[in-house]
Structures are given as structure tokens and as C-alpha cells.
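This briefing covers aromatic rings, nonpolar cores and strand pairing. Please look through the sequence and the structure before reading on.

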Amino acid sequence: MIENITAPQPYLKIYPAPEEVFAEPVELYARHLMPFVSIDLAVVNPDWQGWIHMVNTVEPYDGSVGQDTHEFHNYYLRENWIGFHLNDQGRYELLGDFRYFELEYIKNPPTPLSKLDLRRSQNQAQALEEYYATQHASLAAAKERFTRSGVFHSQNFVRYNPDCDLSQKEPSTLIRQLGGGVEAGNWDYGFPFDEIDEENIRPLAPDGTPFHFIASVRGWDYCASGADEILLFYERNSKIALLTFDWS
């Protein structure tokens, strides 16, 4: 287990390009998901190969991702949980319908809407579009700053201290924890778990196979708004990556 990584490492790719993270259609993925850091799986387990990706969902504007799109939930897409298949090219494929995301749900509702509901949906969509724009702008600014300086500073800190001389500031934390296990928190609900070891709570696949904890980051360190902690798990046999969000 490695904690509080602040400097770039050979086993990390900070702010990877969307085409390195997502399968096609890359633009659709990149609209709803923001790549933060890719991690060499071998640093977690020497028997593993390839890269896995820490991403953030642009949503929620409020509440939890997926909380109002239950028609498009499945085993790996639930409120506050999102799963991907890591394909043979090392790219993420969403394990479900993109209408899991509220913005897509509003634009392509599963049933026809009344005129009143349509008007409400259009207002919701406009608010979400504005929120999406803010999130993506903050991600672009943070990525440009890191590319230019090679030093990672929290986007949240910069947001509230725009005139600060970052050259005089210590780097922020890129990865809070890499490898090891995690204890219970505000994320461990709404999913089947192996809780035998209180210091290593693990989600379970449908056949009971436990996932392995990979890493955690603070969402708001990488962009304008995000969870206090994003946790990434991986199940090697199915090649499924599973993310959840702690809004402590």
C-alpha cells in the first residue's frame, strides 16, 4: 500500500487523453466522464498487466449519480456506483445504457412526457448543461496547469485562491491510497459486500467473487466539483472496474 502520492510516478498517467481511456464513442464517454489518472495494475499486483483508469462522473449536480435514472440501473450501474468493462485495448466500456446519466435520460426519456413534464425536463437539461460546461472547463484548466508545470495542485485550492503563487506551495495529493484495503465509509451501501475483514471492505460480483481495491482520490482535487473520495475497485477475471463515491 502506498499513501499520499504527490509527485508523478512511472506507474501513473496524470490527466490521460480520453481516447486512451474510453472505447468508442469516445466523445460521448468524455461528455459524461472525466479521466483523472491511469494506474499501472502491476504496481498493485505484479501478476497483473495493463492500465486501469480513475475517472469522475460529471454528474451529480446534486445528490448522487444515477439517483433518478432507475430504469437504466443494473448490477453494476446503481445509485452512486458505476461499472466498466476494461476491454482488450485497455479502454473502458460502460456496462449499461448511457441514460444512466441524468442528462442523457432527460434528452431521451424512456416514455413520452406531458407538455408540463417536457418543460420541466428542458429546464433541468439547461441547468445540467451549464454545470457540465463548468466541470469540463475546470478540468481543462487543471490539465493545462499540470502539463505546463509538471506539479499537481488541487483545482479546488486554485479555485478559491486564484491569485496564489503556486510555485511557493507544496504539491497536492495525486493519490490518497494505492493498493491495500479500505474501511467502511459513506460509500459502502447499495451493493453486496464482503465485510469479513473490517479493514478491507470489498464489493462482490454476481457470483460472489470479491473485487480488489485499487486506489482512491479526492474528486475536487482534479476538477471544480467532485466527491470527497472516489474509490476504484477491480475484478481481474471479468476485467470489470467499479467506482463509487464518498460524499462525507
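Which residue in E12 does tyrosine 234 stand opposite? Tyrosine 234 faces alanine 241. This is a predicted model, in which local features need pLDDT of at least 70 and side-chain atom pairs count only at pLDDT 80 or more, while totals for chains, interfaces and linings use all residues. Residues are numbered from 1 along each chain as its sequence is written, and side-chain values use heavy atoms, with hydrogens and water left out.

**Strands and sheet**

- Seven strands form an open sheet in the order E1-E7-E10-E11-E12-E5-E6, with antiparallel pairing; strands (E, at least two residues) and helices (H or I, at least four) are DSSP runs numbered from the N terminus, and two strands pair if DSSP finds at least two bridges between them.
- Strand E1 (2–5) and strand E6 (92–94) stand at the edges with a single partner strand each, so one side of each has no neighbour in the sheet.
- E11 and strand E12 (residues 240–246) are joined by seven bridges in the antiparallel sense.

**Aromatic rings**

- The structure holds 24 aromatic pairs; rings of Phe, Tyr and Trp (its six-membered ring) pair if their centres lie within 6.5 Å, and planes under 30 degrees apart count as stacked, over 60 as edge-to-face and the rest as tilted.
- One of these is the tilted pair of phenylalanine 191 and phenylalanine 193, at 6.4 Å centre to centre and 55° between the planes.
- Phenylalanine 213 and phenylalanine 233 form an edge-to-face pair, with 5.7 Å between centres and 70° between planes.
- That pair links distant parts of the chain, 20 residues apart: phenylalanine 213 is in strand E10 (residues 212–217) and phenylalanine 233 in strand E11 (residues 229–235).
- Phenylalanine 213 is buried at 2% relative accessible area, and phenylalanine 233 is buried at 0%; buried means under 20%, exposed over 50% and partly exposed in between (1.4 Å probe, protein chains only).
- One aromatic cluster includes Tyr75, Trp81, Phe191, Phe213 and Phe233.

**Charges over rings**

- The charged end of lysine 13 sits over the ring of tryptophan 51, 4.2 Å from its centre; this requires NZ of Lys or CZ of Arg within 6 Å of the ring centre and within 35 degrees of the ring normal.
- Arginine 78 lies over the face of phenylalanine 191, 4.5 Å from the ring centre.

**Nonpolar cores**

- The largest nonpolar core has 54 residues; such a core is a set of buried Ala, Val, Leu, Ile, Met, Phe, Trp, Tyr and Cys residues joined through side-chain atoms within 4.5 Å.
- Helix H4 (residues 115–149) gives the most to this core, with seven residues.
- A second, separate core of 14 residues includes Trp187 and Phe193.
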